[in-house]
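Hello,

Here is the structure I said I would pass on. My notes on it follow below.

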Amino acid sequence: MARTKIAVYPGSFDPITNGHIDLVKRTLRVFDRVIVAIASNPEKDNSLFSVEERLEMIREVFKGLGRRVQADSFEGLLVDYTERAGAEVIIRGLRAVSDFEYEFQMAMMNRGLKPNLETLFMMTGESYFYISSRLVKEVVSLGGDVSSLVPKNVLRRLKQRFQG
Ligand code: PNS
């Protein structure tokens, strides 16, 4: 029987955006399962949403895809989590050239820690090149419209958080 190909897609996902969702869907063309994994660091956490809230939003978004997309969180090193999850590949999205240096550093560090794991970069869809969770939060906090950048469930929670 063929082995299940699992990819871990790590990040902060504070909150998940349409750019992340596009990336998960394209990853599913290549992998059997994707684990969307929230890196949790309670010691320096300045996130808008709690890990539980972020997990809930991700699960709501992908509920139609059954077991092919799972949401999880982890503490500690990504490479250790990836191994525990039974995956050999870490997926990261690349937007503009400005992402490259940070991503390259992380990929090299992770390779040094666990040479058996690969980091695979997917180009973000052209409609999502400029989206980031950080900018989405800033725009909503200032009253701007982000309805084309995040799914409905996320938009609802963002509005609740900033507009009460
Ligand atoms: O979406 P982000 O915030 O750019 O994701 C960064 C993330 C979560 C992938 C990175 O901070 C990470 O891997 N954190 C887990 C701790 C770890 O392994 N650090 C060493 C990375 S080289």
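**Notes on the model**

At 3% relative accessibility, Phe13 counts as buried (buried means under 20% relative accessible area, exposed over 50%, partly exposed in between, with a 1.4 Å probe and protein chains only). Phe13 sits in the loop between β1 and α1, and its phi is near 50 degrees, a positive value in a residue other than glycine. That loop, between β1 (6-11) and α1 (18-27), also holds Pro15. Asp14 and Pro15 are joined by a cis peptide bond, with omega at about 0 degrees.

Before the rest, the conventions. This is a predicted model, in which local features need pLDDT of at least 70 and side-chain atom pairs count only at pLDDT 80 or more, while totals for chains, interfaces and linings use all residues. Residues are numbered from 1 along each chain as its sequence is written, and side-chain values use heavy atoms, with hydrogens and water left out.

**Overall fold**

The chain has six helices and five strands; helices (H or I, at least four residues) and strands (E, at least two) are DSSP runs, numbered from the N terminus. Along the sequence they follow the pattern β-α-β-α-β-α-β-α-β-α-α. The radius of gyration is 16 Å, close to the 15 Å from the globule rule for 164 residues, so the chain is as compact as a globular protein of that length. That radius is taken over C-alpha atoms, and the rule is 2.2 Å times the number of residues to the power 0.38. Along the principal axes, the C-alpha atoms fill a box of roughly 50 × 35 × 35 Å.

Of the 164 residues, 45% count as buried. Among contacts (heavy atoms within 4.5 Å) with a separation of 6 or more, 75% are between residues 24 or more positions apart. The chain exposes about 9600 Å², with carbon and sulfur atoms supplying 52% of it; the areas come from the Shrake-Rupley method with a 1.4 Å probe, and for residues only the protein chains shown count as cover.

**Cores**

A nonpolar core is here a set of buried Ala, Val, Leu, Ile, Met, Phe, Trp, Tyr and Cys residues joined through side-chain atoms within 4.5 Å. The largest one has 32 residues, and those with the most contacts inside it are Val36, Ile58, Phe62, Ile91, Val136, Val146 and Leu158. Elements that give two or more residues to this core are β1, α1, β2, α2 (51-62), β3 (69-74), β4 (89-94), α5 (133-141) and α6 (152-163). The most comes from α2, with five residues. Leaving aside neighbours within four places in sequence, Ile58 is in contact with Phe13, Ile16, Val36, Ile38 and Ala71.

Another core, of nine residues, lies apart from this one and includes Val8, Ile35, Ala37 and Ala87. Ile35 is in strand β2 (residues 33-39) and is buried, with a relative accessible area of 6%. Not counting residues up to four places away in sequence, Ile35 touches Ile6, Ala7, Val8, Tyr9, Gln70, Asp72, Tyr81 and Ala85. The C-alpha atoms of Ile35 and Ile6 are separated by 7.5 Å, with the two residues 29 apart along the chain.

**One more loop residue**

Ser40 lies in the loop between β2 and α2 and counts as buried at 17% relative accessibility. Beyond its neighbours within four places in sequence, Ser40 is in contact with Val51, Phe74 and Glu75.

Regards
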